[in-house]
Number of protein chains: 2
Amino acid sequence: MRKIRIGIVGYGNLGRGVEAAISQNPDMELVGVFTRREPSSIHIHTEGVTVFHVNEAVNFKGEIDVMILCGGSATDLPEQVPYFAQWFHTIDSFDTHAKIPEFFDVVDQAAQENGRVSIISVGWDPGLFSLNRLLGESVLPAGSTYTFWGDGLSQGHSDAVRRINGVKHAVQYTLPVKEAVERVRNGENPELSTREKHARECWVVLEDGADQTAIETEIKEMPNYFAEYDTTVHFISEEELKQQHAGMPHGGFVIRSGESGDGDKQILEFSLKLESNPMFTSSVLVAYARAAYKLAGMGVKGAKTVFDIPFGLLSPKSPAELRKELL
Amino acid sequence: MRKIRIGIVGYGNLGRGVEAAISQNPDMELVGVFTRREPSSIHIHTEGVTVFHVNEAVNFKGEIDVMILCGGSATDLPEQVPYFAQWFHTIDSFDTHAKIPEFFDVVDQAAQENGRVSIISVGWDPGLFSLNRLLGESVLPAGSTYTFWGDGLSQGHSDAVRRINGVKHAVQYTLPVKEAVERVRNGENPELSTREKHARECWVVLEDGADQTAIETEIKEMPNYFAEYDTTVHFISEEELKQQHAGMPHGGFVIRSGESGDGDKQILEFSLKLESNPMFTSSVLVAYARAAYKLAGMGVKGAKTVFDIPFGLLSPKSPAELRKELL
């Protein structure tokens, strides 16, 4: 059987992760990496694969099955997904929750018109966490769903700290509050405020001569980012930051705590503990690329989400093998 | 929109659970309960619903959409599922893992010939646990999958203890070994023997004059059931057993511990903590009944497993609502 031919658009953390994930899946091959930067400035790992300018992608119609779009949700994906859906099945990790319905409609139109399958908002949240929220409320209609994130590096919050005058470098971790998680796991179904669910921890490298006390106060009082949370600020050396905070760990829990029809307490929990957030997200994108390819082979077209994809399509194994080995 | 019309075949723990679960799902209604026993001997909870002999089910063709089969896997389901698939979509919880492929083929033929949808082997294992084994290996092809069961009451092992001469009553709990679970959660990917994964705990009420020491030895040395495990035996009074061991709790964990393409450790875990095993299984059956009904509405027919069902079909909500609220 011929391999599923994959293209990557955008070669940041996510694009590199997709490249690495393809190498773990023998039924797939990487055909090309596409970038808006100068292609010769980009060095990829896969031997024999070329980096092209993004404008050349159209020439790969019929040579790439699924294009995995690794750009950002703010401006890249809303433009790129409908564009690439003209010629390829697509996978993206669009994660602006509020704009998903609108994004879906635009992508659906492009994919329908061109007979492509586009699976949008793939990853772990949105993605695997969304699936577990849906499963929980479908199986236990009477109950509460809780999502906790962390321990994990938050890019947006790290950036917010870095923008403060006098901060040379910083990382921010989101931490689920252990007591809250335990109460939920015990089936107490608590009502939890923002502060009760998550805490924030910052590791900050100061510029020479910066006012440590003033910066700590500025972080802790920053509205929307930190003021609503219990925030701890640690000041460290640049060297320490590089050594101990270079990774991009993340994870979290989705917990459905409900009662079955007779009043018995029943608790479902899905959790992730990730050493690398982008590498894991990429692994999910690649599994869903296989599903897009298989769906297209069944004559399906249009935009889809993880809610529309049977898990069987994520696997290289046949339905009969799956029933025998995994059911 | 008219409700999904459900029938129940078999009114044991599972059948009662299905009845209770239907009452939590306003888009469904229970049309009838079917039994091999004398119908008048069975008292159900739902007002206005009648108990019929199982031979009368054929008369409900066109009046029941989905028949949920609540019999046992040893002899009931292999006979009943292909029979009922002549007239109704069906859901069952067939759980003899080794015979699933054969069962699937027989049911598929009946369902295909009669234009029905039959989702087989639904529940939590096989079922939700199977889904997470599949998800784990699809997203992280390099890694190991572990399934732990418990703390939970095992019907088969309880029965084995009860068959011993001198035992008046007994319950047996399967317990995951905490150290093993922790090692797996820490990403150690250990190789674990049967004894290292699970322990067994028995609570036994003796007949008057029974030999306690001999019975304890007989339990602990019973091949296949207890000899391969660390087994603890407690002797208690009948009253104590009734008060403290009347429930049917269960649960467990599916853990996928793998590495993404660059070598980062990534861990997925799905866990259940159930106060009532049959009540939860019933809740899962009912959610999949909805999926069978929706699939049939799309013109699908034949046997299916949980691997073939997109989670979106489990919910009463529309795809657009799901994208907006849960993605």
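This is a predicted model: local features need pLDDT of at least 70, side-chain atom pairs count only at pLDDT 80 or more; totals for chains, interfaces and linings use all residues.
**Entry 1: the largest pocket**

S7(B) gives the most, with 4 residues. Sorting the lining of the largest pocket by class, I recorded 22 polar, 18 nonpolar and 8 charged residues.

**Entry 2: the cavities**

The largest cavity has about 60 Å³ of space. Which residues line the largest cavity? From chain A I listed Leu128(A), Leu131(A), Asn132(A), Leu135(A), Phe270(A) and Phe311(A), and from chain B I listed Leu128(B), Leu131(B), Asn132(B), Leu135(B) and Phe311(B). The elements that supply two or more of these residues are helix H4 (128-139) of chain A and helix H4 (128-139) of chain B. By class, the lining of the largest cavity has 9 nonpolar and 2 polar residues, with no charged residues.

The second largest cavity has a volume of about 40 Å³, and I found it lined by Asn132(B), Val254(B), Ile255(B), Arg256(B), Leu268(B), Glu269(B) and Phe270(B). Strand S12 (250-259) and strand S13 (265-274) of chain B each give at least two residues to this lining. Its classes are 4 nonpolar, 1 polar and 2 charged. I noted that Asn132(B) is in the lining of the largest cavity and also in that of the second largest cavity.

I moved on to helix packing, beginning with chain A, where helix H2 (residues 76-84) and helix H3 (residues 100-114) pack at an angle of about 20° with their axes 8 Å apart. Angles under 35 degrees count as roughly parallel, and H2(A) and H3(A) are therefore roughly parallel to each other. The crossing of H2(A) and H3(A) is right-handed. On the H2(A) side the contact is made by Leu77(A), Pro78(A), Val81(A) and Pro82(A), and on the H3(A) side by Phe103(A), Val106(A), Val107(A) and Ala110(A). I sorted the residues of this contact by class and recorded 8 nonpolar, no polar and no charged.

I then looked up this pair in chain B, where helix H2 (residues 76-84) and helix H3 (residues 100-114) pack at about 20°, their axes 8 Å apart. That makes H2(B) roughly parallel to H3(B). The contact joins Leu77(B), Pro78(B), Val81(B) and Pro82(B) of H2(B) to Phe103(B), Val106(B), Val107(B) and Ala110(B) of H3(B), and by class it has 8 nonpolar residues, no polar ones and no charged ones. I noted the handedness of the crossing of H2(B) and H3(B) as right-handed.

**Entry 3: helices H1 and H10 of chain A**

How do H1(A) and H10(A) lie, with axes that cross at roughly 55°? The axes of helix H1 (residues 13-22) and helix H10 (residues 277-297) of chain A come within 8 Å, and the angle makes H1(A) oblique to H10(A). The crossing of H1(A) and H10(A) is right-handed. I listed Asn13(A), Leu14(A), Arg16(A), Gly17(A), Val18(A), Ala20(A), Ala21(A) and Ile22(A) as the contact residues of H1(A), and Pro278(A), Met279(A), Thr281(A), Ser282(A), Ser283(A), Leu285(A) and Val286(A) as those of H10(A). The residues of this contact divide into 9 nonpolar, 5 polar and 1 charged.

**Entry 4: backbone details**

Last, I looked at the backbone and found a cis peptide bond between Gly150(A) and Asp151(A), with omega about -5°; Asp151(A) sits in the loop between strand S7 (143-149) and strand S8 (152-153) of chain A. In chain B, a cis peptide bond joins Gly150(B) and Asp151(B), with omega about -5°, and Asp151(B) lies in the loop between S7 and strand S8 (152-153). I also noted Ser121(A), which has a positive phi of about 55° although it is not a glycine, and I placed Ser121(A) in the loop between strand S6 (117-119) and H4 of chain A.

Definitions and conventions:
Residues are numbered from 1 along each chain as its sequence is written. Chains are lettered from A and ligands numbered from 1 in the order in which they are written. Side-chain values use heavy atoms; hydrogens and water are left out. Axes are lines fitted to C-alpha atoms, for helices over the stretch in contact, and angles run from 0 to 180 degrees between N-to-C directions. Angles under 35 degrees count as roughly parallel, over 145 as roughly antiparallel, 65 to 115 as roughly perpendicular and the rest as oblique. A crossing is left-handed if the near helix is turned anticlockwise from the far one by less than a right angle, and right-handed if clockwise. Contact means heavy atoms within 4.5 Å. Ala, Val, Leu, Ile, Met, Phe, Trp, Tyr, Cys and Pro count as nonpolar, Asp, Glu, Lys and Arg as charged, and the others, Gly among them, as polar. On a 1 Å grid over the protein atoms alone, a cavity is a set of points where a 1.4 Å probe fits but cannot get out, and a pocket is an open set with protein on both sides within 12 Å along at least five of seven lines; lining residues have an atom within 4 Å of a point. Grid points are joined across faces, edges and corners, and a volume is the space filled by probe spheres set on the points.
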